Amino acid sequence: MQGLLFGTGGTPLSAARPRNPLNAIKRISELGLGCTELEFTYGVRMHEAEAEQVANLARKLKVKLTAHAPYYINLNAHDHDILISSQDRILQTARISYICGIQNIAFHAAFYMKDDPSEVYERVKKSLAGLCAEIKRQNKTIWLRPELMGKVSQFGSLDEILKLCGEVEGLAPCIDFAHLHSRTGKYNSYYEFKSVLNQIEKKLGREALNNMHIHLSGINYNSRSGEIMHLNLRESDYQYEELLRALKEQDVKGMLICESPNLEEDALHLQETYNKV
Ligand SMILES: [Zn+2]
């Protein structure tokens, strides 16, 4: 894996129409960015032929791809059908992503729904262990990446995500630093960012820092519910220069996906800032 690559969560706003993965890859390459996340957030509708074209173009233009599974996933669903369809959506994302040449899938694992967090943890863990075993059985090299979530109603604190990834083979974290900040009101300084990276290394080993999946944007939030919405970095309180300094010092490798509303503008700004700090 090369160093830390920067890119957009979804098709850059300045990509040619239609806004599809092929035009996204072309635009990422033209902009001099390194990666992009294909957003299957409203369902997996890509066909195999298109996925093969996506894989070929990404290889040719040296753009690294990653995927985001649909939003409609709740591995804490009490309704059996909802649970099964949640698991299916992750496997469908894995199936088409694999053809795209993708090795990392970020997803929102669950809602607490007022359940005891430790029970939710066990339910989510059981589901994910089954899904990872199925992906392994299919001989696919894919990391399922439960995302650190920004709302306090959503499963996915830093502790939960790191514990889960330490306990289930085939899982790796998706560390959304904006979500971490909005969920806690903290984690917005160099020393706090360093402490997160140290925790990851301690719990998951140096390999985890060599293959990181990071989401970042500006964010607004309140103490009652956490995340309200994503913002452009310079319209937010986010201390991204300090985060970039911590990432660089610790020689973190992998992908940093920018999810600001202005997508490529902030992704490029992050890349330029990273190169300077
Ligand atoms: Zn997400």
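**Entry 1: the whole chain**

I began with a count, and the protein has ten helices and ten strands. For both I use DSSP runs numbered from the N terminus: H or I over at least four residues for helices, E over at least two for strands. I noted that this is a predicted model, where local features need pLDDT of at least 70 and side-chain atom pairs count only at pLDDT 80 or more, while totals for chains, interfaces and linings use all residues. Residues are numbered from 1 along each chain as its sequence is written, and side-chain values use heavy atoms, with hydrogens and water left out.

Next I looked up the overall dimensions. The C-alpha trace spans about 45 × 45 × 35 Å along its principal axes.

I then checked burial, and 56% of the 277 residues are buried. My cut-offs are under 20% relative accessible area for buried, over 50% for exposed and partly exposed in between, with a 1.4 Å probe and protein chains only. The protein exposes about 12300 Å², of which carbon and sulfur atoms supply 50%; the areas come from the Shrake-Rupley method with a 1.4 Å probe, and for residues only the protein chains shown count as cover. Of the contacts between residues at least 6 apart in sequence, 78% join residues at least 24 apart, a contact being heavy atoms within 4.5 Å.

**Entry 2: helix α4**

α4 (117–137) has 21 residues and reaches 30 Å from its first C-alpha to its last, close to the 30 Å expected at 1.5 Å a residue. The expected span is 1.5 Å times one less than the number of residues.

Which residues of α4 are buried? I found V120, Y121, V124, S127, L128, L131, C132 and I135. They cover an arc of only 140° around the axis, which puts them on the same side of α4; the arc is that of the directions from the helix axis to the C-beta atoms. An α-helix has 3.6 residues a turn, so residues three or four places apart point the same way. On the other side of α4, I see K126, K136 and R137 exposed. The cover over the buried residues includes α3 (80–99), β4, β5 (143–146) and α5. Just after α4, N139 has a positive phi of about 60°.

I stopped at D115, in the loop between β4 (104–107) and α4. D115 is buried at 17% relative accessible area. What does its side chain make polar contacts with? One partner is the side chain of N76, at 3.1 Å, and another is the side chain of H78, at 2.6 Å. A polar contact is a pair of N or O atoms within 3.5 Å; within protein, one must be able to donate a hydrogen and the other to accept it, and residues adjacent in sequence count only if both atoms are side-chain atoms. Not counting residues up to four places away in sequence, D115 touches N76, H78, V120 and R123.

**Entry 3: helix α7**

α7 (residues 190–204) has 15 residues and a first-to-last C-alpha reach of 21 Å, close to the 21 Å expected. Its buried residues are Y190, F193, K194, V196, L197, I200 and L204. Among the elements covering the buried face I listed α5 (158–167), α6 (177–184) and α9 (240–249). After α7 comes G205, with a positive phi near 90°.

**Entry 4: loop backbone**

I found a cis peptide bond from R17 to P18, with omega near -5°; P18 is in the loop between β1 and α1. T11 lies in the loop between β1 (4–9) and α1 (21–31), and is buried at 13%. Its contacts beyond four places in sequence are R19, N20, A24 and L263.

L263 is itself buried, at 9%, and has a positive phi of about 35° although it is not a glycine. K62 also has a positive phi, near 55°, but counts as exposed at 72%.
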